[in-house]
Amino acid sequence: MLTIQNLHKAYHTHTVLDQVSLELPQGQVLAVLGRSGCGKTTLLKALAGLLTPDAGSINWAGQSMDAVPPREREMVYLFQEPLLFPHLTVFENIAYGLRVRKEAETHVQQKVAQMLQELELQEHAQKKPAQLSGGQRQRVAFGRAIIFLPRVLLLDEPFASLDAQTRATMQRLFLRLARKYGITALFVTHDVKESLLVGDRFAYMAAGKLQVYTSREAFIADPQTGVRDELAFWSALEQQTPYQP
Ligand SMILES: Nc1ncnc2c1ncn2[C@@H]1O[C@H](COP(=O)(O)OP(=O)(O)OP(=O)(O)O)[C@@H](O)[C@H]1O
């Protein structure tokens, strides 16, 4: 269980995280919907240990993460633009975390080969990141992040820069692997449909405040999320009836 209590962060007089609290059981995905600038990235960075909050606490399985350095936290941040080692091959990029942990080389070979298969990247194993498309690079980054089963995966609009078709493929891949590996994740997005697709639980962020919902229905029903309105829009388009705003 990930437990966040009263997390607070301000830049001068500008409050960016305002008493953020949440509980997320292991193996669940929390979809966090919010507009640009509401504080989503700041929240993920605080969890990953990439910035220090002014107040509040972060716990994993009852253990405080507050003083744990980023590398040992195992709360892995996946950026919109995948950060890969440009001089390493796809295989070496995915193997990186396992080799840092000094896992046996036979074990590394086996695990990476399996991950390449799951990501459908076998034929690209010996390529460098510059030889891949954006979607392929994001798959490598995803595989590298989940191969050593982090405590929490922090996804910051990971598929936002992909075309609609690649994005849908990645969303399905994420769902399949998240279930298979029992991944606990915060999935930040400004895309309503993506939030509904990936989330087991739902939250909405506005002006540094995080509203966590008790159910999917409560998330959809809250007018501030705009979810119901957007669903009505898509439904009208699909049925070719005039949209009533
Ligand atoms: N280092 C900083 N110094 C000052 N203000 C900052 C800093 N980092 C972020 N902010 C401000 O904090 C607010 C929240 O930023 P954050 O990056 O968390 O938003 P976001 O919800 O992730 O937005 P986006 O969807 O555009 O990435 C913004 O108003 C931003 O300008």
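Let me begin with a term: I will call a residue buried if 20 or more other C-beta atoms lie within 10 Å of its own, with the C-beta atoms placed from the backbone. Please keep in mind that what we are looking at is a predicted model.

With that term in hand, consider strand 7, which spans residues 152-156 and is mostly covered, since 5 of its 5 residues are buried. In a regular strand the side chains alternate between the two faces of the sheet. In strand 7 both faces are covered, with Val152, Leu154 and Asp156 buried on one side and Leu153 and Leu155 buried on the other.

Which strands pair with strand 7? Strand 6, residues 75-78, pairs with strand 7 in the parallel sense over 4 bridges, and within that pairing Met75 has Val152 as its bridge partner. Strand 8, residues 185-189, also runs parallel to strand 7 and is joined to it by 4 bridges, with Asp156 partnered by Val188. Between strand 7 and strand 8 the chain passes through helix 6, residues 164-181, and this β-α-β crossover is right-handed.

Let me turn now to the ligand. The residues around the ligand are Tyr11, Val16, Gly34, Ser36, Gly37, Cys38, Gly39, Lys40, Thr41 and Thr42, and by class this shell has 3 nonpolar, 6 polar and 1 charged residues. Helix 1, residues 40-48, contributes the largest share of the shell, namely 3 residues.

Finally, on annotation, an unreviewed UniProt entry lists residues 2-232 as "domain: ABC transporter". In the model that span is 38% helix and 26% strand, and its end C-alpha atoms lie 34 Å apart.

How values were computed:
Residues numbered from 1 in each chain as written. Predicted model: local features only at pLDDT ≥ 70, side-chain atom pairs only at ≥ 80, totals over all residues. Near = placed C-beta within 6 Å. Helix = DSSP H or I, 4+ residues; strand = E, 2+ residues; numbered from the N terminus. Nonpolar A, V, L, I, M, F, W, Y, C, P; charged D, E, K, R; others polar. UniProt positions renumbered as here; feature names shortened; annotations may be inferred. Buried ≥ 20, exposed ≤ 12 C-beta atoms within 10 Å, placed from the backbone. Pairing = 2+ DSSP bridges. Right-handed = clockwise from strand over helix to strand, strands pointing away.
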